[in-house]
Each structure stands twice: as structure tokens, then as C-alpha cells.
Amino acid sequence: MTAAPTGARACQGPRVGPAHACLATACLVALFGCDQRLDPDAPWTAEELAVVRSLSPLGPPPPSPGNRVADDSRAAQLGVRLFFDKRLSANGEVACATCHQPGRFFTDGLERARGVGQADRHTPTLLGAAFFPFLFWDGRADSLWAQALGPLEADVEHGFSRAGLAAAVARDHRAAYEEVFGPLPDLSDQRRFPLEARPVADQPDHPHDRAWQAMSAADRETVERIASNAAKAIEAYERHLLPGPAPFDRYVAALRAGDPTGGSHLDASARRGLRAFIGTARCVTCHTGPLFSDRQFHSLGLPRAADASGFDLGRTVGAAKVREDRFRCGSVYSDVDLSTQATACDELVFLNPRFEDFQGAFKTPTLRNVAQTAPYMHAGQLATLEAVVAFYASRPGKPLIGHRDLLLNQIPTELPVADLVAFLGSLTGALPEARWLGPGGGHIPEAP
């Protein structure tokens, strides 16, 4: 039990809900974690049943205090149009939906994302993203709307600019924008508002950064205000991208109703997998609560991504970036009122990028719909769920940087692979309503 302090520390942070305290779950796992019973028909103990119930139902996402239009239906309608708009890219061929394809549960099926170029990391699902306090694999954005701006300006994703985004909103989405945010200023003078203008970190000679710095401070703020509002509309849309109820949720609902069989919603293999998941395999220590994620960051000691060079420092870099983000909590573009919400940005205040355990650590993803979102891990290193379980069982090699999370030392070397995979398959629910699957509703586009 030498890893218990690490487990407790790893569980600290925001919760999905007060009834799903991560530390309490970890303690319950410790209480019965050595139980070797995998009889699918054995009655649940009181401790086991408490953990199973803590995993369902999911419920609504938490509020987004930095976005005053987060739950505005008009903003969501604008957001869905922006999400599927390929004009918001350097080559006119990349939209948010290029990588986050509805038909693939808002992923792309690739090891690493591909936009106008090749990205270094895997595309995570957006289903359930509204529950996470930090976005991206390394947590370098602290809201969905701040996250939306990152890919738009990334050279290998959209390759666009915030000035180009503002101009495109004024040109192609003016009426919908003004209905939510009010009148747009005149952006027609491209000497004042060059389309390519954007800040480029640590590259003062980059032509896009020179164009950005040549703008007046007032004009830069105008562009950023429009860009951040557009991103807030995208968040309003993405808050509708919620995992649908799955067979596991129906199983738990039947248990709550007093049916000890769980209504036959899980077959014997999935029930054995569930017992391992919350017991001997200890998966629930990090994949906890109805989201099946502690929403924290862990170093697994994964193999290097294909064709990767150098080290991916993960949360170490992400924690530093989010503290300096122009669109972070408490910024001029955030709708958080610190005079009345004094603790709203405490996540950033106490965030320490130099924390040793952040080296090579990446966010714990949700496991909902996980059977539909292969490949896996932050760079798509593992192709199948069977490979994921096998990795946890063997934990091969040494971490490329930092150290492997001590929590993994508690996992037994023999895991019921097929049963765990069967249980994970029971977490697949329906896609969101048809109106959120495309700009016209009812269409499920996929990129070639």
C-alpha cells in the first residue's frame, strides 16, 4: 500500500459531484481490492455496490462561469455552424468536425490528428468534454471556449488566425453572431485588420506575429473579443455533446430499483469485467465517477509515439501554458466576475508547473464510448482495448521522462482481458440528438 498517498493526491481537484468523491472511491477499492471473486452472479457487497452506484448516472455538465452564453440556445446554433465550417482554415478544407467526426463519436480514428498538417497527439472525443476543468491532453486550456481557439491557430490543425476568424464571422455569420453578442464593428480595412494577424509565441520575426504587433492595441482587443465570443458559441454547442445512457447505466438503474440481476443489461463477461474494474484491476482508482475519469493527469510510462522525436513533457508544459493563456479564467475575455466569484480561478492560482509528477503526465480520458474511439492514449500508441489492458498488465519499459505513476504498481500482472473489454463495451451509448450532428441536423459527416 505504499502508493496510497500518491493515490490520494492524484484524486484531489474538481469533482463530478459530491456523491462521487474520488478519495472515498479509492478507499473502497483498498477495502475490497484484494477480493479475487469474479463470479458474475455473486451478490455485490455493500462496499462494492456503493462504488458501482457511484459510476452512474452521469447527469448534466457543471456550469461554465467564464462563458455567459454557455447555455444560450442561440449561441449553440451559431456554435454548430462554426464547428462544421471549413472556411475557418488556411486551406478551406479543415473544420473542427474534420478531426471530431460525429460518426466516429467525435474522434477521427487516426493515431494522431491530421489537419492542414500532422499533429503530435491523438484526437480525443468531445463527448463529455464539458465535464473537464482542463482541456487538451496536457490541460493547457481551462475552458472549452479557450480550448476551441487553440486548434484554429495551430499550424498543423486549422492553420488559421484570430484576425481571420473575426473576419470570417463578420462575413459569413454576422446575423447569428449579432443576435447573441450585439453589433459587430467594421473590420473591412485590412490595413488595420490584416487577415493573417495572430501572435506567434517566441517567433517575433514570423510574418503573422509582425502583422499582429503592427495593429493597435485597441484593434487587437477588438479581434480577440470577437474571436473569444465565437469560441464561446462553440462551447455552447459542445455542451450538448454528452455521452448517451449506455447498457451499464441501465444495469445500475435496475440495481437501484432493487433488481439484483441488474435487469440483464450486462452479460456474464461484462459483469466479470465490472468486478475486476472496481476490484483487483483497480481501474476505478483513476477512472472514477460517472465520467469514468478523475480528470487529473498521470504518467503511464507509455512507449514513444510513432515517428515522434524528442520528449513530450505533457502536463509540465500544459500547466505553464494555461497560466499564461490570454483566454484563461479571470482574463479580460472571461466572464468570471472575481469580485463575486473570488475562488473561481483557484485551480490556476495553486497550479504548480514544476510539480515533479507532471513530467510526462497526461489527462485521464473518459471511458464512456471508449470502444468506439480507437486508437488509444495521448498519441494513439495502442490500437485496441485489448492492447490497453495488456499494457496495464505488463507495464513494459521505463518512462521516457519522469517516473511512472506509483498507482500502477498496485495493478496485478494477470488481468481478465476479455472481460474488461466486454465491460468497457457496455459503456457505449447513443450519439447526441440529430440536430447536433451537423449544421443542417440529422447528417453525420465524416472526413475522408
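Cys329 and Cys345 form a disulfide (a pair of cysteine sulfur atoms within 2.5 Å), with their sulfur atoms 2.1 Å apart. The structure is a predicted model, in which local features need pLDDT of at least 70 and side-chain atom pairs count only at pLDDT 80 or more, while totals for chains, interfaces and linings use all residues. Residues are numbered from 1 along each chain as its sequence is written, and side-chain values use heavy atoms, with hydrogens and water left out. Helices (H or I, at least four residues) and strands (E, at least two) are DSSP runs, numbered from the N terminus.

**Cysteines**

- A search of the whole structure finds one disulfide.
- Cys329 lies in the loop between α13 (315-324) and α14 (346-349), as does Cys345, so the pair ties together parts that are 16 residues apart in sequence.
- The link of Cys329 and Cys345 is left-handed, with -75 degrees about the S-S bond.
- Both Cys329 and Cys345 are buried, where buried means under 20% relative accessible area, exposed over 50% and partly exposed in between (1.4 Å probe, protein chains only).
- The sulfur of Cys96 is 9.0 Å from the closest cysteine sulfur, in Cys99, which is too far for a bond.
- Cys99 is in no disulfide, the nearest cysteine sulfur being that of Cys96.
- Cys96 is buried, with a relative accessible area of 13%, and Cys99 counts as buried at 11% relative accessibility.

**Cis peptide bonds**

- Ser56 and Pro57 are joined by a cis peptide bond, with omega about 0 degrees; Pro57 lies in the loop between α3 (46-54) and α4 (73-83).
- A cis peptide bond also joins Ala374 and Pro375, with omega about -5 degrees; Pro375 is placed in the loop between β2 (362-363) and α15 (385-394).

- Arg282 is not a glycine, yet it has a positive phi of about 60 degrees.
- Arg282 is found in the loop between α12 (268-278) and β1 (297-298), and it is buried, with a relative accessible area of 12%.
- Met377, a residue other than glycine, has a positive phi near 80 degrees.
- Met377 lies in the loop between β2 and α15 and counts as buried at 12% relative accessibility.

**Helix α10**

- Helix α10 (residues 217-238) has 22 residues and should span 32 Å at 1.5 Å a residue; its end C-alpha atoms are 31 Å apart, which agrees.
- The expected span of a helix is 1.5 Å times one less than its number of residues.
- α10 is mostly covered, with 16 of its 22 residues buried.
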